[in-house]
Amino acid sequence: MGRPHLRALVLGAAAGGGLPQWNCGCEICAGARDPDNPILPQTQSSLAVSANGSDWALLNTSPDIRQQLADNPVLHPRQRRDTPISSVLLTNGDIDHIAGLLILREKQPFTVYLTSEIAKVIADNSIFSALDRSLVTFVEIGLEAPFQLAPGVEATLFAVPGKVPLFLEGDEVITDLEGEQTVGVSLRSGGEEFFYVPGCAKLTDALKERFQGANLIFFDGTVYDNEEMLKSAVGKKTGARMGHMAMNGANGSLQGFADLNVTRKIYIHINNTNPVWHPESAERLAVERAGWEIGYDGMEVSL
Ligand code: MLT
Ligand code: MN
Ligand code: ZN
């Protein structure tokens, strides 16, 4: 066997709701329902990572995980009762990132890595007792503390501005809280490193410093414009209110990454309202001109 190399497999490139979203008739969702339209359906936010090709960690478990596992043969059982999935890592407590745990309840051993804040969300929701704790082990990980996520894969969590999950929002919501409720991840193997940051409210100087010169990042692509949901008349929330920075604009990720010298920049967690889903939209051309790729279900990247 050669030296391990990191493989990242996009299981779901869309944000919560997926593409198309069940109750959305916007042009983009309608396009994704039309087999003759170039907009392809996409499932909800998740990435798989491996260094040896046989043991995989899931970065977030979406409600679409059952379809995602079916669609990706590297994640199929190799014998009668088996899974190549050795662990799961959660980057926040949002439904699109934790609900898939319930689909993994069939008496299979694996480890879930998460911060103490996210562990509280799981502990406070008794439905997660469906996971047999004699088989599924929850391990709390501190920020900036490297740990072994999967064979040959080392990971480190770091704080990213964000907010508490939607279902825990009180009357007042701080949308760019930095702590243990929203994290980004550095993944490393054999001297290679990449970042996974599916939710980020703001690109702080500390984050810029961390990402400067990186080989690869998967980054929050929820909305193109902060006010896109209002403009497409499907909702009232801004990207900022949802805890997601926009691609476009003075505080957007296109501008924020412009001088960071990151070799490969891939947007993931892309909302169904985001016009970059259309391969010929002006917005798609703008992000590609800025050196970004649009993630898609089944996309595989090796380092
Ligand atoms: C988000 O990323 O903003 C969440 O997925 C919203 C949700 O839980 O639906
Ligand atoms: Mn989400
Ligand atoms: Zn839509």
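This is a predicted model: local features need pLDDT of at least 70, side-chain atom pairs count only at pLDDT 80 or more; totals for chains, interfaces and linings use all residues.

Biologist: Ligand first, then. Which residues are around ligand 1?

Modeller: You'll find Asp94, Asp96, Met242, His244 and His269 around ligand 1. Sorted by class, that shell has two charged residues, two polar ones and one nonpolar one.

Biologist: How far is the side chain of aspartate 96 from an oxygen atom of ligand 1?

Modeller: An N or O atom in the aspartate 96 side chain is 2.9 Å from a ligand 1 oxygen.

Biologist: And what about the histidines?

Modeller: Histidine 244 has a polar side-chain atom 2.8 Å from an oxygen of ligand 1. For histidine 269, a polar side-chain atom is 3.1 Å from a ligand oxygen. As for cover, ligand 1 has 270 Å² of accessible area on its own, and the protein covers 79% of that.

Biologist: Where does ligand 1 sit?

Modeller: Ligand 1 is in the largest pocket. That pocket has a volume of about 600 Å³.

Biologist: How many residues line the largest pocket, and which lie nearest its centre?

Modeller: The lining is made of 24 residues, and Gly16, Gly17, Leu166, Met242 and Asn271 lie nearest the centre. Met242 is also one of the residues around the ligand. By class, the lining of the largest pocket has 12 polar, eight nonpolar and four charged residues.

Biologist: OK, switching to the next pocket. What volume does the second largest pocket have?

Modeller: The second largest pocket comes to about 450 Å³. It is lined by 18 residues, with Leu69, Pro77, Asp82, Thr83 and Leu104 closest to its centre.

Biologist: Which helix gives the most to the lining there?

Modeller: That's helix α2, residues 65-71, which gives three residues to the lining of the second largest pocket. The classes in this lining are nine nonpolar, five charged and four polar.

Biologist: Which residues line the largest cavity?

Modeller: Among them are Asn92, Pro161, Lys163, Thr182 and Cys200. Asp94, Met242 and His244 are in that lining too, and those three are also around ligand 1.

Biologist: Last topic, the backbone. Is the peptide bond from leucine 19 to proline 20 cis or trans?

Modeller: The bond from leucine 19 to proline 20 is cis, and its omega is near -5°. Proline 20 is in the loop between β1 (7-12) and α1 (27-33).

Biologist: And what's the phi of asparagine 60?

Modeller: Asparagine 60 has a positive phi, about 75°, although it isn't a glycine.

Biologist: Where does asparagine 60 lie?

Modeller: Asparagine 60 is in the loop between β3 (56-59) and α2.

Key
Residues are numbered from 1 along each chain as its sequence is written. Chains are lettered from A and ligands numbered from 1 in the order in which they are written. Side-chain values use heavy atoms; hydrogens and water are left out. A residue is near a molecule or strand if one of its heavy atoms lies within 4 Å of it. A polar contact is a pair of N or O atoms within 3.5 Å; within protein, one must be able to donate a hydrogen and the other to accept it, and residues adjacent in sequence count only if both atoms are side-chain atoms. Accessible areas come from the Shrake-Rupley method with a 1.4 Å probe; for residues, only the protein chains shown count as cover. On a 1 Å grid over the protein atoms alone, a cavity is a set of points where a 1.4 Å probe fits but cannot get out, and a pocket is an open set with protein on both sides within 12 Å along at least five of seven lines; lining residues have an atom within 4 Å of a point. A molecule sits in a cavity or pocket if more than half of its atoms lie within 2 Å of its grid points. Ala, Val, Leu, Ile, Met, Phe, Trp, Tyr, Cys and Pro count as nonpolar, Asp, Glu, Lys and Arg as charged, and the others, Gly among them, as polar. Grid points are joined across faces, edges and corners, and a volume is the space filled by probe spheres set on the points. Helices (H or I, at least four residues) and strands (E, at least two) are DSSP runs, numbered from the N terminus.
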